[in-house]
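User: I am new to this structure and would like to learn how to read it. Please take me through some features, one at a time.

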Amino acid sequence: WDDLWLNEAFATWLGNRIADRVFPEHGTAVAEIEARASALRADARASARAVRAPVATADNLLHLADPLAYQKGRSVLEMFERWLGPETFRDGVLDHLDAHRWGNANGDDLWEALSAAQRRGAGRLVPRRLDAGDVARAMPAFLDRPGVPLVTVEPVGRGRLRLTQRRFTRAGAGGGAQPLWRIPVALAWGEGAVVRRRTVLLAKRSMEVKLDGAATLEWIHPNAGESGYYRWSLPPALLAALVAHAPRVLDARERAALPDHLAALLDAGELAGDAFLAALARLVADPDP
């Protein structure tokens, strides 16, 4: 029962995926953004609990069936599926189910199976030198302790960006402990009609990455596809550029996530009030309800 979250999160993730494939007109993939927002808000509180927790009593069990179990769990599964690639993720899940058929298992068994699939997957988009990039080391950090990471993206010249992580909190809540996550950061950036994408693993407190075309980038989105379970921050000029380019370069799911994300940055003291209102004035003109 300690991994009740996995039963509920996996059912939510797969059910939504199937519904979106069969009935795309229902907009399930966009609706997921609102559901994820409720988990992000709860997880940013100082009182937030970890998704995984020992179950000692029935009351304890019922307490664990909350938006974090369903929506944070679903989001974490989606984030790592995107990082590993859908084929590698599927192979790891199938291996996990086969290995424990008619038996019992826990979360550790799942990410060990995913890690094995990651090592042998021929078509995956992650390097063979895994170490800090091993999914078995990365997933538990999101599930065994509370909190949301904040990824700050800053240009440092010569086509390089500095990525920095810390725990996301509301203004005045205090920093508290600063855990270290291994975060698959999905970046999209562009200049003119050229749009590039790359996922990098932020496994340190701070790191620099070199991106093709980043020396003259017009905009950058630090959570491409909105599959990452993290908040992000950009310098004011780059944030304004992203909002200005949003109708042309972001899909409906990415645009739907922006207002909630900007509101969270405002609550955290990471975004000035006038910049928040200026962004909303642009986003409210979106033709897609």
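User: In what order do the three strands of the open sheet lie, and is the pairing parallel or antiparallel?

Analyst: Strands of a sheet pair through backbone hydrogen bonds, in either a parallel or an antiparallel sense. In this predicted model, the order of the three strands is β4-β3-β6, and they pair antiparallel. At the edges are β4 (194–202) and β6 (219–221), each of which pairs on one side only. From one strand to the next, the twist averages 20°.

User: How many bridges join β3 and β4?

Analyst: Nine bridges join strand β3 (residues 183–191) to β4, in the antiparallel sense.

User: At what angle do α4 and α5 pack?

Analyst: The angle between α4 and helix α5 (residues 86–99) is about 115°, and their axes are 6 Å apart. On the α4 side, the residues that meet α5 are Leu 77, Phe 80, Glu 81 and Leu 84. Their counterparts in α5 are Pro 86, Thr 88 and Phe 89. Sorted by class, this contact has five nonpolar residues, one polar and one charged.

User: Where is Asp 66, in relation to α3 and α4?

Analyst: Asp 66 sits in the loop between α3 (58–63) and α4 (67–84).

User: Why does Asp 66 count as buried?

Analyst: The test is relative accessible area, and buried means under 20%. Asp 66 counts as buried because its relative accessibility is 19%. Its side chain is joined to that of Arg 49 by a polar contact of 2.6 Å.

User: Is Ser 115 buried or exposed?

Analyst: Ser 115, which lies in helix α6 (residues 107–120), is buried, because its relative accessible area is 0%.

User: Which residues does Ser 115 touch, leaving out those up to four places away in sequence?

Analyst: With those left out, Ser 115 touches Asp 134, Val 135 and Ala 136. A polar contact of 2.3 Å joins the side chains of Ser 115 and Asp 134.

Conventions:
Residues numbered from 1 in each chain as written. Predicted model: local features only at pLDDT ≥ 70, side-chain atom pairs only at ≥ 80, totals over all residues. Heavy atoms only, no water. Helix = DSSP H or I, 4+ residues; strand = E, 2+ residues; numbered from the N terminus. Buried < 20%, exposed > 50% of the residue type's maximum accessible area, 1.4 Å probe, protein only. Polar contact = N/O pair within 3.5 Å; in protein donor to acceptor, adjacent residues only side chain to side chain. Axes fitted to C-alpha atoms, helices over the stretch in contact; angles between N-to-C directions. Contact = heavy atoms within 4.5 Å. Nonpolar A, V, L, I, M, F, W, Y, C, P; charged D, E, K, R; others polar. Pairing = 2+ DSSP bridges.
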